[in-house]
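Me: I am new to this structure and would like to go through it by question and answer. Please show it first.

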Amino acid sequence: MARVPCDLRILLIPAAFMFIYIQMRLFQTQSQYADRLGSALESENHCTSQLRSLIDQVSIKQSRILALEDLKNRQDQQLVQLKDLIHTFETKGIAKLIEGGQQVPLAAVVIMACSRADYLERTVKSVLKYQSPVASKYPLFISQDGSNQAVKSKALSYTQLTYMQHLDFEPVITERPGELIAYYKIARHYKWALDQLFYKHKFSRVIILEDDMEIAPDFFDYFEAAASLMDRDKTIMAASSWNDNGQKQFVHDPSKIICRSLYRSDFFRLGWMLKRSTWDELSPKWPKAYPYIRLSISMAIGSSLGQFFSQYLEPIKLNDVKVDWNAMDLGYLTEGNYTKYFSGLVRQARPIQGSDLVLKAQNIKGDVRIRYKDQAEFELIAGEFGIFEEWKDGVPRTAYKGIVVFRIQTTRRVFLVGPDSVMQLGIRKS
């Protein structure tokens with residue numbers, strides 16, 4: 001019985017070591033958990049900090065968005081005010097140009113411009129030279145296509161006119177391969193400008209000029225007479241002051257003009273006047289490119305620069321004599337009268353054919369007529385005389401019912417007669 005306590009003490013030693021070991025493991029485990037918990041808390045604090053930073057950034061962004069929206073709203077309001085202000089200035093400018101609205105304008109004059117400031121300056125000076133005394137009848141505008149700064153600055157430097165700007169950012173899709181985009185942009189510009197002048201500014205007529213033209217001293221008198229004629233004859237869609245075959249060797253001395261120096265034409269190009277009633281029909285179906293108008297009257301004198309310059313345009317004779325067109329009887333140009341009048345001229349002209357046509361025409365007294373069977377033959381004959389050979393959409397330049405008329409040796413006329421012309425005019429074949 002005396003040996004039992006000693007054995008128990010011996011057994012307690014391993015138990016004590018085991019207990020100490022377990023306590024140490026528990027402490028180590030608790031330390032690891034404590035370290036992990038500290039890391040987790042540190043990560044949580046870091047995430048919380050980042051989250052707060054993101055929230056702050058979002059708040060800043062939202063504040064900026066609200067500020068931008070507020071700025072946009074203010075700019076929209078300013079834009080509306082600016083448009084109203086521009087409209088007010090334009091209205092005041094037009095009212096000033098027509099002397100307070102006391103006289104109704106006969107026609108607005110618009111110079112179509114793009115990127116040639118030097119050409120524009122010369123054209124404006126030429127127009128102002130003769131427009132200033134009749135400014136109330138012919139308010140002057142410049143319509144610029146695009147944003148060329150030199151052109152815009154030049155246009156805005158004139159107080160005698162109203163400036164318009166056409167900005168077109170819509171991409172151009174051509175209908176056929178190889179077509180020039182410029183023709184589509186020109187067509188868009190013309191439609192926009194004419195819509196502005198006819199529908200926004202309410203003009204009854206518009207005279208359209210290119211930015212490379214000079215006008216004659218009787219330019220405005222001619223269009224005043226033409227306006228009266230167009231009011232009488234609804235078949236005349238436009239009046240043109242340009243003659244493609246108006247080179248100095250083909251024109252007559254304007255000081256000797258008595259009457260009947262104008263012609264109806266199925267084709268024209270430059271310096272033309274249009275009525276609002278005609279534009280009402282044309283505007284909805286204005287072509288995407290290559291716009292032109294049929295049935296016009298054409299003045300025999302004009303000037304321009306451009307294609308075929310050296311051969312056809314540089315020799316154009318700009319009239320320097322003031323012709324009193326309003327004193328002339330232009331009734332022969334109305335549709336019913338003109339067919340009879342013009343067919344009479346062609347019928348009385350002496351027919352010639354064969355070779356050496358130019359020499360034959362020069363050696364015959366009076367007018368002559370020459371028949372051509374197709375475009376190729378027309379171009380050959382036109383080349384011999386030195387007139388425009390080009391056709392546009394099946395129509396020779398300046399032609400009326402296929403007949404092209406021009407002068408040689410200043411007084412005598414040459415009629416180039418198409419294959420169907422004699423039938424259309426009722427002329428006996430010869």
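This is a predicted model: local features need pLDDT of at least 70, side-chain atom pairs count only at pLDDT 80 or more; totals for chains, interfaces and linings use all residues.

Me: How many helices and strands does the protein chain have?
Reply: The protein chain has 430 residues, and 42% of them count as buried. Its accessible surface comes to about 24,400 Å², with 56% belonging to carbon and sulfur atoms. The count for the protein chain is eleven helices and 14 strands.

Me: Among contacts between residues at least 6 apart in sequence, what share joins residues at least 24 apart?
Reply: A contact here means heavy atoms within 4.5 Å. Taking the contacts in the protein chain between residues at least 6 apart, the share that joins residues at least 24 apart is 73%.

Me: What is the reach of helix α2 from its first C-alpha to its last?
Reply: Helix α2 covers residues 117-131, which is 15 residues. At 1.5 Å a residue, the expected value is 21 Å. The reach in the model is close to that, at 20 Å.

Me: Which elements do the buried residues of α2 pack against?
Reply: Buried means under 20% relative accessible area. In α2 this holds for Ala117, Leu120, Thr123, Val124, Ser126, Val127, Leu128 and Gln131. In an α-helix, residues three or four places apart point the same way, because there are 3.6 residues a turn. The buried residues of α2 pack against β1, β2, α3, β3, β4 and α5.

Me: Which parts does the salt bridge of Arg122 and Glu214 tie together?
Reply: The side chains of Arg122 and Glu214 meet at 3.9 Å, N to O. Their positions are 92 residues apart in sequence, so the pair ties together helix α2 and the loop between β4 and α5.

Me: Where do Arg413 and Asp367 lie?
Reply: These side chains meet in a salt bridge at 3.2 Å, N to O. The pair links distant parts of the chain, 46 residues apart. Arg413 is in strand β14, and Asp367 is in the loop between α9 and β10.

Me: What are the relative accessible areas of Arg413 and Asp367?
Reply: The cut-off for buried is under 20%. Arg413 is buried, and Asp367 counts as buried. The values are 13% for Arg413 and 18% for Asp367.

Me: With which residue does Glu390 form a salt bridge?
Reply: The closest N and O atoms of the pair are 2.4 Å apart. The partner of Glu390 is an arginine, and this arginine is buried, with a relative accessible area of 2%. The residue is Arg397.

Me: How many salt bridges does the structure hold?
Reply: Side chains of opposite charge can pair when their charged atoms come close. In one network of salt bridges, Arg116, Asp211 and Asp212 are linked. The structure holds a total of 16.

Me: Which residues make the nonpolar surface patch of about 400 Å²?
Reply: One of them lies in helix α1 (residues 4-97), namely Met18. Met18 is partly exposed, at 47% relative accessible area. The residues of the patch are Met18, Tyr21, Ile22 and Leu26.

Me: How many disulfides does the structure hold?
Reply: A disulfide is a covalent bond between the sulfur atoms of two cysteines. Cys47 counts as partly exposed at 47% relative accessibility, and Cys114 counts as partly exposed at 36%. The number of disulfides is zero.

Terms used:
Residues are numbered from 1 along each chain as its sequence is written. Side-chain values use heavy atoms; hydrogens and water are left out. Helices (H or I, at least four residues) and strands (E, at least two) are DSSP runs, numbered from the N terminus. The expected span of a helix is 1.5 Å times one less than its number of residues. Buried means under 20% relative accessible area, exposed over 50%, partly exposed in between (1.4 Å probe, protein chains only). A salt bridge is a side-chain nitrogen of Lys or Arg within 4 Å of a carboxyl oxygen of Asp or Glu. Patches are made of residues with over 30% relative accessible area and no salt bridge: like charges are joined within 9 Å, nonpolar side chains (Val, Leu, Ile, Met, Phe, Trp, Tyr) within 5 Å. Accessible areas come from the Shrake-Rupley method with a 1.4 Å probe; for residues, only the protein chains shown count as cover. A disulfide is a pair of cysteine sulfur atoms within 2.5 Å.
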